[in-house]
Structure formats: C-alpha cells, structure tokens
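Have the viewer open and follow along.

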Amino acid sequence: MKLISEPSIPVKIQKMKDRVRWKHPSLVQRGVDQTSLVIDDGRDDDPEFSFMVIGDSGTKPHYGQHPQRKVAEVMLAHKDECRFVLHTGDVIYVVGSHEYYPTNFIEPYREFLVGGENPTHIAYDRMTFNLPFLPVLGNHDYYDVPKMYRWLTGSTLRLRRMLRYKDFEIGWHGSNQGDAYARAFLDYLAAIAPEDLSRHLDLHYTGKTDTGRCLRYVPGIFTRVPHRYYSFRYGGIDFFALDSNTWNEPSPLPATQDGDIYRRELQKRRQEIDTEEVQILAQCDRLNPDKPDDAEQLDDLSAKLDQINEVKIDIEKQLASHNTLNIDFEQLDWLRQRLIESWNTKEVRGRILFFHHPPYVTEATKWSQAQTLAVRHRLRWVLDQVAETLGSLVKERPIVDVIFNGHAHCLEHLCTVDTGYADSHINCIISGGSGRRPRRQRPEGTELMEIFGDFNSRSLRKVADSLLYVGRSEQNSQKRLAYSGVRVDVKDGHPPKFIVRPLVAQRVGEEWGQHELDSFVI
C-alpha cells in the first residue's frame, strides 16, 4: 500500500502562487517584486557577518534520543554571533503535516522563536523568529497522505508494520500540497481579507531593491518570506533560495531498444525492493522495541526502510516520466536573469544558492539517483546561459561561490572540477544531517564521475571531488552517528572569503558529545 503521495509539478507551482496571490493587481500596482526580501536588522550593509545552515531536521525523538535538539543546542552557542539561519528543506517529516510542527520544529528550536519560553503556546502558522530563519521546501514538505489511509483502522498487518518500523510520523493529515509549509513560513496573502490586503501590503512591503518594492523581514516583529523561491542581499552577497522540487523530474527514457531494456531493469529492481522490504519487516517482527539491543537493531532496520523508500520513489519517478517534461522554466529563467543582474551590480561581491536536492553528492542513497542528475543538468543549463551572456565579466571566478543543499543526510563538502561547463570549480556544501538518520558515504569513493553522451556514445569523466564527509560510520566496532550543521563566516573583500565551521553533535553508542572538526576556507 502506498502511504505517501506527491502532487505533480504543475500543481505545486499553481498552489503556491494561489497562496501568495501571485501578481494580484494590488501587488502589481505597487510595483512589488514577490521574489525578493530585505532583512531589516540594521546590519545588512556589514561586509563581515556569519550565518548558520541546517537541513533535513524535522523529526521526532527516536528511542529516547532527540538528535535535532542536540544540533539546536550546538547552534545556540553561535546564535548571538550569527545574523540568520538557512534551512535546506525537509522542515517536517514525514509528510509535512501541521500536526508535527509543535514537536518537530517549535519545541527543538524554541530559543529561536519569540515566546519560545512557552513553546506549547506558539501556533505553527503564527511563528515569529528572533533570529531570521530562511527556509526552502524539501520533498517531504510537499508530501501527502492518500485519502484512503485517513479512514483505515490500521488492522492490516502490513500497514501496522510499516507505520511502526518505518517510524512514519503520519497522523491524519499530510502537507496539503505544501500548504502547511506555506502557512508556517510564507506571507500567506490568500488568508487576508480583501478589505485588509492594501493595509497589509503598505505595512510590510516597504523594502526597496533594484527590482522594486519588496517584503521587509523584521526579526522579532514580522518574519515571513514572499514566495517558494526568493532572493535577498546581505553584506554584499546575493542569496538565492530555490524550490528544486519543481525542476528535479528525471528525463524521459528514450523510445529506443536501450530505453526499453533500462525500463525493464527498473521494473525488476522495483520488484526486488518490494521483496527486500518484506524481509526487513519480518526481521522487525522478531524484535522487541522495549529491549535496548533490539531497539538499536530496529533503528538500523528502520534506516534501511527509509533508504528503500527513497530508492523506490526515484524509480517510480523514472518509470512515470513521459516525453514531455514538467520543468519549472519560470523559476529557472528567474534564476538566470537574477544571476546576470547580480554580476552587473558593482556592490555585489558574491553569490550563494541554497535549495534542497544536491546536484553533487556522494551519500550512498543519493549520488546516482535520477533526480540528482536532473537537478545537476538543469542547474548546469542555467549557469551555461549566464556565462554565455556575461562573457569576460566573470573572468576566472565561478558563476556562484557556494551552493548549499540538503536531502542527503550528511554534512559534505564537494568541489566541482573542470566539467567543461559553467558549473566548474564551484564549492558545494550539503547540510542535510541536522536531525533525520545520518547516512553513509558510498563505497565507490570520493571522486564523482559522470557519464556524458547518449546510449550510443558515452564517455566517463570526473566532475567533482568530495573533500569532507560527516554522517554514519563505525568507530571501534560502535555505530557512530554524526548530526550536523555549519556556521559560515563571511569576510570582507572582493571576492569574499568564506570560513566554514562544521557544527557536529555526535552519538557513539549511547554517549553524546560535540565533535570538533577543523574549519575550512572557501
């Protein structure tokens, strides 16, 4: 039984537009740019500042442990020195439901919220941050529960086992096609009465940018973002927050003999995964979660089931892909144009992208996924167009300085090599290990290779190197689980220098401690 559903890309796009009253006449008349914001903290002109990045965090305690809270406690030591927090998506597991915001977000991050001393009194759709919290959507923030599940009693053995051992945080609701995330973080203009809209816009859309008026983000007072993708400038750095859920669809399988062969291989693999899942569930049935040793085994088996589910979803996306791709060209064109404008603005000295799905990664379950390759190729397509337009203006610098991602449950630093395209020599940092089960690095090694060409003519070339990986491993025969985020110190200069400091809460056996890692410079 399929316990999770996902809206189509056109539905995701339209629903989010409806929620923010995209290009409503009142917004157009005021010249409002609904994809920009300014952080009004009185310090956004400082060339030196710090921020933190976390992701894939929104999960509940597991067997008496709350890794997300451990990471939050590490973050608290840096809170006063940082200007804002970026979140790379998957704010709430497993289906982005508003039911889980109190336990999976508000409670662990209570010190970052106004009124956090009484977290149970904070409604998920009324949150105000005392430190700017700037998220993007993850795939789990869009997921839903099929209607049939809502009236099932759970008497089916397979359903009970999946809910128990996959540790699904599923209640009676899903995200409602991303609605819970929108009510939690976006300026949800659709909920404002028509007679109150003008007053709201005149009160909160008073920021000024090169593209017109925009939303003003005021810590402690009004802390909403304008849309599912947006940009802001801070300390001479342009930040671009993207929704990769609408441009990660795998390319259609070719209508050739090779394509048919690959389709059959995918179908066979899909059947093998189902068999493997049943076998793991049978193992789970023999374990008692009230016994510490059994609970540890159940945690490992639950992690395997998580991974199996992700592989299954990726296969289903490939099998469902058709000749016509659903790609969010509107967002990609926006990114292309904004990057070109950024490079033509003298006061801008650097550019950072952050979005959920990593284009480069060596985490064992993500590196070869079709979605990973789709995101890589579409980002490369945008960057190539930007480079062609800018010409010699770029000189020896990459189009963007740093890319932050989540989705892969780890902390990883990669750097692309000369790919032959405009995605060359870019630093990529994956910060997706902030609460959900950490994953291992793939056994294939740290050099990331890519197949270029079609089914008839292929070549294999290196595209990136993994320089740091922090996740799941073994240490003296004990399981080592490293949960993480990063702090980034931006230094003055043109181009800027970024000092990246890993923030790690590590569990070895039953013992917790902070794991000190050396900072590195970009």
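Start with Asp179: its relative accessibility is 10%, so it counts as buried, the cut-off being under 20%. This is a predicted model, by the way. Asp179 has a salt-bridge partner in Arg19, with N to O at 3.2 Å. Arg19 is buried too, at 6% relative accessible area. Asp179 belongs to helix α7 (residues 179–185) and Arg19 to helix α1 (residues 9–19), so this pair ties together parts 160 residues apart in sequence.

Now jump to Asp202 and Arg30, whose side chains form a salt bridge at 2.9 Å, N to O. Asp202 is in helix α8 (residues 194–204), while Arg30 is in the loop between α2 (25–29) and β1 (32–39), so here the parts tied together are 172 residues apart in sequence. Asp202 is partly exposed, at 42% relative accessibility.

Next up is Glu277 with Lys312, another salt bridge, 3.3 Å from N to O. The two sit 35 residues apart, Glu277 in helix α9 (residues 257–285) and Lys312 in helix α10 (residues 292–320). Glu277 is buried at 0% relative accessibility, and Lys312 is buried at 10%. Elsewhere, shared partners join Arg69, Glu73, Glu107, Arg110 and Glu111 into one salt-bridge network. The structure holds 38 salt bridges.

Disulfides, on the other hand, number zero. Take Cys415: the nearest cysteine sulfur belongs to Cys428, 7.5 Å away.

How far can you trust all this? The chain's average pLDDT is 90, and 92% of the residues score at least 70. Residues 150–163 fall below 50, though this stretch has 29 contacts beyond near neighbours in sequence.

Definitions and conventions
Residues numbered from 1 in each chain as written. Predicted model: local features only at pLDDT ≥ 70, side-chain atom pairs only at ≥ 80, totals over all residues. Heavy atoms only, no water. pLDDT = per-residue confidence, 0-100. Contact = heavy atoms within 4.5 Å. Disulfide = S-S within 2.5 Å. Salt bridge = Lys/Arg side-chain N within 4 Å of Asp/Glu carboxyl O. Helix = DSSP H or I, 4+ residues; strand = E, 2+ residues; numbered from the N terminus. Buried < 20%, exposed > 50% of the residue type's maximum accessible area, 1.4 Å probe, protein only.
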